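Reader: Can you walk me through one part of this model up close? I'd like to look at how its charged side chains pair up.

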Amino acid sequence: MQLEDILASRASRMKASEIRELLKLLDQPDIISFAGGIPDPTLFPAEAFQQAYADMLSPAHASRALQYSTSAGYLPLREWIVGEMAKIGIPCTTDNILITSGSQQALDYLGKLFLSPNDTALVSWPTYLGALGAFNAYEPAYDRLDPKANRDDTSYIETAKAQGGHVKFAYTSVDFANPTGRTLDLSERLAVLNQAERMDIAIIEDAAYQALRFDGTAIPPILALDIERHGSIENTRTLYCGSFSKTLTPGLRVGWVCAARPAIERLELIKQASDLQSPTINQMVMHHVASRIFDEHVAKLRTSYRERRDAMLTALETHMPEGIEWTRPEGGMFIWLTLPKGIDGAQLLTQAIKTQKVAFVPGGAFFADGSGANSIRLNFSLPSPETINEGIARLAKTLR
């Protein structure tokens, strides 16, 4: 008998993330990488974290910082998050907040909460690869979420029924989405909310990049629109996933879910059975740093990442041959390129690495149905403006 012969059926849907594999290229100094969706480590507030850890390990705090804590999360951190939620139109209490080990854990828990085998998740085409990875373990089907499609709700329901399940939720990243950099406008957010209400399904709102707006006017999150419509967070169907990974640091793995109390209580039970709690000391340190420098630090990130975004857009205009299209994000970390039909992003990557020492993520990985081969994702948050220009010039040479 081989171990492979007795694995659960869901194991066949577990695949290595192309992004995680491509991150290995960062260890090769001769590669210009636009592959990782990661922040620039030179911008981490390292001194603030160093001081915070020293404080939390002092005699005054160490006994608490090194001890078990509640599954819901460190209360002062949840109180701080409640204040931040209020700023973006989401009035709530600490009972509406669950701390998770990054928003990726939140997506896994939400997949576990909602999905039975063959149930349908509505996702964008393309969508965040990590969300597909988190949901895949629960053996769902996927259908396309497109607020502009004007598709009849019955077709979603009938398609799900034919696949042996029910439509359970719509997953969307509304601000500067990974991988496209696109933002849903107000009408599109309302369309998602309206559709979810008609179909009586949940909405999972991934807000990992919400704070990284460079241009334009902030648009209310779907959860804020849901609350405005129904008077209280307790009457809403939207679950908001937040994270410190793109603003302060990804290394501490601190994120959160904000939702109606019954959903939070269910998620807390899942966390108790999973890892009991997120690390106490990391939560205390994150609260210590966030409560002191969050706004100032995020403003610094916006300035730096705006410069890099502009550098990439300028480089694309300067170097790219005709027939290539790209998004123009108002924030976040990504630009999405659509290539002429017949050009395969995965094959292009192989050639670009071999001949030009430049890397990116092929777009097909972000499509639930494996389509989108003629697209690629570029990250602009990590390389310097000078490196961005050189890397785009090399990529353009490969395309030509």
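Reader: Let's start with Arg229. Which is Arg229, buried, partly exposed or exposed, and what is its relative accessible area?

Author: Arg229 is partly exposed, at a relative accessible area of 36%. Buried here means under 20%, exposed over 50%, and partly exposed in between (1.4 Å probe, protein chains only). Bear in mind that this is a predicted model: local features need pLDDT of at least 70, side-chain atom pairs count only at pLDDT 80 or more, and totals for chains, interfaces and linings use all residues. Residues are numbered from 1 along each chain as its sequence is written, and side-chain values use heavy atoms, leaving out hydrogens and water.

So who does Arg229 pair with? Its side chain meets that of Glu197 in a salt bridge, at 2.9 Å from N to O. (That takes a side-chain nitrogen of Lys or Arg within 4 Å of a carboxyl oxygen of Asp or Glu.) Follow the chain and you'll find Glu197 in helix H8 and Arg229 in helix H9 (residues 222–230), so this pair links distant parts of the chain, 32 residues apart. Helices (H or I, at least four residues) and strands (E, at least two) are DSSP runs, numbered from the N terminus. Glu197 is partly exposed as well, with a relative accessible area of 25%.

Now stay on helix H8 and look at Arg189. Arg189 forms a salt bridge with Asp175, and their closest N and O atoms are 2.8 Å apart. Arg189 sits in helix H8 (residues 186–199) while Asp175 is in the loop between E5 and H8, so the bridge ties together parts 14 residues apart in sequence.

One more pair is worth a look: Asp40 and Arg308, whose side chains meet in a salt bridge with 2.8 Å between N and O. Asp40 is in the loop between strand E1 (32–33) and helix H2 (46–56), and Arg308 is in helix H11 (residues 280–319), so here the bridge links distant parts of the chain, 268 residues apart. Asp40 is buried, with a relative accessibility of 7%. Arg308 is buried as well, with a relative accessible area of 9%.
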